[in-house]
Amino acid sequence: MSQSYRYILGSQTYQFKSLAELMAKATPQRSGDRLAGVIAQSARERAVAQMTLADVPLKTFLNEALIPYETDEVTRLIFDEHDTQAFAYISHLTVGDFRNWLLSDYATPQVLAAVKMGITPEMAAAVSKIMRNQDLILVAKKCHVTTAFRNTIGLPGHLSTRLQPNHPTDDVNGIAASILDGLLYGNGDAVIGINPATDNVAQAIKLMKLMDDVIQKYQIPTQSCVLTHVTNTIECIEAGAPVDLVFQSIGGTEATNSSFGFNLNTLAEAQDAALSLNRGSVGNNVMYFETGQGSSLSANAHHGLDQQTCEARAYAVARKFNPLLVNTVVGFIGPEYLFDGKEITRAGLEDHFCAKLLGVPMGCDVCYTNHAEADQNDMDNLLTLLGVAGCSFVMGIPGSDDIMLNYQTTSFHDALYVRRVLGSRPAPEFEQWLTKMNIMKNSTDCVLSSTLPSAFSKPLYALQGGR
């Protein structure tokens, strides 16, 4: 049952007709909410909405669904899988109290892990709206989320990378060269993941075999993924392809996911198929999801919600399937949704915080499109802030320029920078491999070897025609 909310400031009374409107008006400004017509009309109204939201009891989110239970399977997932026993620890709090508690010394990593299944995405989104950037960083750093397949991702003090060797024509030599380049910078422990230029089952299998050959030849403790549609990956598994991880872009509403061509049953089928292959050596987290603020609005599937709340709801979908990796492609959808570097930075910190609070292994594609009011210095800032916050992984692309997807992200040397400046290390199994292969001569300080490792010199000379 929807209720209205009001706040009296001096002689003026502010009225918010629903919890959804209150949350939208309380959201720090961004172009997507302006496009959707849900943004606060002034900084004053936004501040009033935030003060009003701070007084809302957390229990309210269990009594007022932002999208009706009867018409949305993501809402049903959120309500049906809510852990009332875990929630009991924080059930007496308002949103404002919840913020204060999260920032307190009482909210230890162990306590946060114990209550995560009692926190709904809407609760996480609500509290993020009244938090400063430093609050988002501090609390996220306390949320430890660890997953495993052929190595262990998300351990405190570690930062992993997705090696993204995309090529505009899927040329195998170009892809192989990018993989080698990334490995020599210590990239690739999260996953070696390719966005195929030609997206079909036959091409996906070809790329899967290429990456599997490299991983097997050099005994690399990592995993591969072709970022094709989930139904294509199911067909690849049925055809006997070497599938490590199943990928799918996901959203926070049933209508968003329908526009992507899947539902929760599809993901369950894919997870079961991948688990049946038993390809992991140290764990069995087999799913890889990508999200991003604005995806629901771009599909006209946001139900009048603000884009950050829709984004947080996607983490309920991710959490259901115990993924190895999840990342927000924070600036990829474009300036229509996140206009400039400031909005991209805020969204990246929000996404990372909300996901980690919910127990989701969140990384971030620190990125922007060429028509956004942002540049690489903005990305340096966000990369550093996410590193401080304990982000699970970031992207590694040659020269930070994805020439297939045509956007700007983080490079192999960007990942090396943030590891060095923050003292972060690769996944432990991958770090041992880097040392064994003489790629790093000092893995503690992420110091690369000054000479080309012998295991890679012959293939490189072969590519050069033996010169």
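**Close-ups of a predicted model**

**View A. N278 sits out in the open.** With a relative accessible area of 66%, N278 is exposed. The model you're looking at is a predicted one. To find N278, go to the loop between α15 (264–277) and β9 (287–291). Now check the backbone: phi of N278 is positive, at about 55°, even though N278 is not a glycine. Why point that out? Most residues other than glycine have a negative phi.

**View B. N300, a loop residue with a positive phi.** Here we're in the loop between α16 (295–298) and α17 (307–320), which is where N300 lies. Phi of N300 is near 55°, again a positive value in a residue that isn't glycine. Is N300 buried or exposed? It counts as exposed because its relative accessible area, 66%, is over the 50% cut-off.

**View C. Helix α3 and its packing partners.** Helix α3 covers residues 43–54, so look for a stretch of 12 residues. From first C-alpha to last, α3 reaches 16 Å, close to the 16 Å expected at 1.5 Å a residue. Which residues of α3 are buried? They are E45, R46, V48, A49, T52, L53 and A54. And what do those buried residues pack against? The strands on the list are β1 (5–9) and β2 (12–16). The helices on it are α1 (19–26), α4 (60–63), α7 (95–103) and α9 (121–128).

**View D. A318, tucked away in helix α17.** Look along helix α17 and you'll come to A318. Its relative accessible area is 0%, so A318 is buried, the cut-off being under 20%. Which residues does A318 touch, not counting residues up to four places away in sequence? Its contacts are I250, F289, P323, V326 and V360.

**View E. E431, a buried glutamate in helix α21.** Helix α21 runs over residues 428–436, and E431 is found there. Set aside the neighbours within four places in sequence, and E431 is in contact with R425, P426, S443 and T444.

Definitions and conventions. Residues are numbered from 1 along each chain as its sequence is written. This is a predicted model: local features need pLDDT of at least 70, side-chain atom pairs count only at pLDDT 80 or more; totals for chains, interfaces and linings use all residues. Side-chain values use heavy atoms; hydrogens and water are left out. Helices (H or I, at least four residues) and strands (E, at least two) are DSSP runs, numbered from the N terminus. The expected span of a helix is 1.5 Å times one less than its number of residues. Buried means under 20% relative accessible area, exposed over 50%, partly exposed in between (1.4 Å probe, protein chains only). Contact means heavy atoms within 4.5 Å.
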